[in-house]
Amino acid sequence: MKKRLSGKRTAQAVTLLCLVCVLLAAAYRYQERDTDPVPPPQDADGYYLLSTKEDFRWFISRDRDPYTNVRLANDLILNDTEGWENWADTPPEHSYGAIPSYHGHFDGNGHALEGYYTSYGKWLAFLFTVLEEDARVTDLTIRNSLFQTTYEDCVYENEGGKTDVVTASALCFANYGVIENCEVQAKVTGAWDAGGIAGINYGQMTNCRFTGTVEAGTDHSTEAPEHTSTRKSLFAGGICRSNQGVIRNCVNEGTVRLDAISKTFYVHDFAAGGISGRQSEEGRIEDCCNRGDVTGMELAGGIVGASWGSIYKCQNSGKVHKLFWLSGKYSGHMFSNTASLRR
């Protein structure tokens with residue numbers, strides 16, 4: 001009899017344990033569903049309307065289709081922006097990840113993302129990592145936001161097998177699509193390179209404006225790695241770090257500064273520009289204006305620091321400074337360039 005009771009109690013215990021496991025699993029699944037971002041409503045055009053922080057988290061989540069079209073329904077305040085310029089030392093409450101690859105249309109609809117902040121990490125120093133050829137970002141404002149990279153958190157090995165650091169920029173690392181009618185008012189700080197709106201532009205940037213600060217080469221403690229070679233060039237620009245596409249009718253009103261990293265770290269080329277730090281043969285800049293001051297170590301220009309491409313009907317009214325080392329500290333010379341560039 002005792003054996004039967006013991007067996008019965010064991011069976012009851014096993015049944016109870018199974019029931020508890022089922023309930024816990026159900027609760028966990030419910031919690032997952034409850035915490036997962038919920039898709040926002042769509043408008044008559046089929047665009048998802050982003051009107052809350054939760055909607056924005058859904059958009060940047062990895063479960064979302066990269067071809068999704070979205071539209072801002074109002075300004076989105078992503079963080080309390082009091083003291084936003086000091087977020088590197090005192091981060092805000094909320095951080096947001098970057099979208100790896102985007103093919104759709106992000107329609108700002110004349111509204112703003114305010115208080116955007118990304119926590120440090122590889123490829124997290126911008127809103128989009130890559131805007132693909134069919135991607136469009138239009139009528140968007142980003143303001144009171146910080147975008148920053150550090151050598152420690154953002155170092156990687158590039159395609160050439162050399163040590164590199166992710167470019168800091170506000171909207172995207174690389175643009176192959178269309179960026180139109182966008183404005184960025186932010187602080188962009190790069191351990192090595194930095195671009196106000198984009199890192200590298202292969203596509204089209206039209207009617208865009210940057211106000212704020214672009215600071216590059218800020219990681220002054222960088223030491224050359226022992227076992228690998230490093231990229232030997234640094235670039236910084238108000239609209240983008242480097243241009244291999246078309247930049248048309250864009251304005252930079254922000255300050256651009258490119259430092260030398262450190263005396264012991266060898267860099268062969270420096271170039272800083274109000275619109276772009278560097279421009280390749282394929283690049284074209286037309287009808288653009290720079291009003292911000294530009295400071296660079298080697299090559300500095302109101303429109304472009306170093307260009308092999310086309311510059312047409314552009315104007316600069318900003319002051320251009322060239323830095324150099326003197327007795328272990330920075331010194332410099334200032335150029336005032338107000339000429340139009342036609343080519």
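Biologist: What should I know about the model and its numbering before I start?

Modeller: Residues are numbered from 1 along each chain as its sequence is written, and side-chain values use heavy atoms, with hydrogens and water left out. The model is predicted, so local features need pLDDT of at least 70 and side-chain atom pairs count only at pLDDT 80 or more, while totals for chains, interfaces and linings use all residues.

Biologist: How many helices and strands does the protein chain have?

Modeller: Helices (H or I, at least four residues) and strands (E, at least two) are DSSP runs, numbered from the N terminus. The protein chain has 3 helices and 36 strands.

Biologist: What percentage of the residues count as buried?

Modeller: Buried means under 20% relative accessible area, exposed over 50%, and partly exposed in between, with a 1.4 Å probe and protein chains only. Here 49% of the 343 residues of the protein chain count as buried.

Biologist: How many salt bridges are there?

Modeller: Side chains of opposite charge can pair when their charged atoms come close. A salt bridge is counted when a side-chain nitrogen of Lys or Arg lies within 4 Å of a carboxyl oxygen of Asp or Glu. The count for this structure is 12 salt bridges.

Biologist: Which parts of the chain does the pair R71 and D107 link?

Modeller: R71 and D107 form a salt bridge at 2.6 Å, N to O. R71 sits in strand β2 (residues 70-72) and D107 in strand β5 (residues 105-107), distant parts of the chain, 36 residues apart. Both R71 and D107 are buried. The two residues also belong to a network of salt bridges that links D43, D45, R71 and D107.

Biologist: Where do E114 and R143 lie?

Modeller: The closest N and O atoms of the salt bridge between E114 and R143 are 3.1 Å apart. E114 is in strand β6 (residues 112-114) and R143 is in strand β9 (residues 141-148), so this pair ties together parts 29 residues apart in sequence. E114 counts as buried at 13% relative accessibility, and R143 is partly exposed at 27%.

Biologist: Is E286, which pairs with R284, buried or exposed?

Modeller: E286 is buried, with a relative accessible area of 9%. The side chains of E286 and R284 meet at 2.3 Å, N to O.
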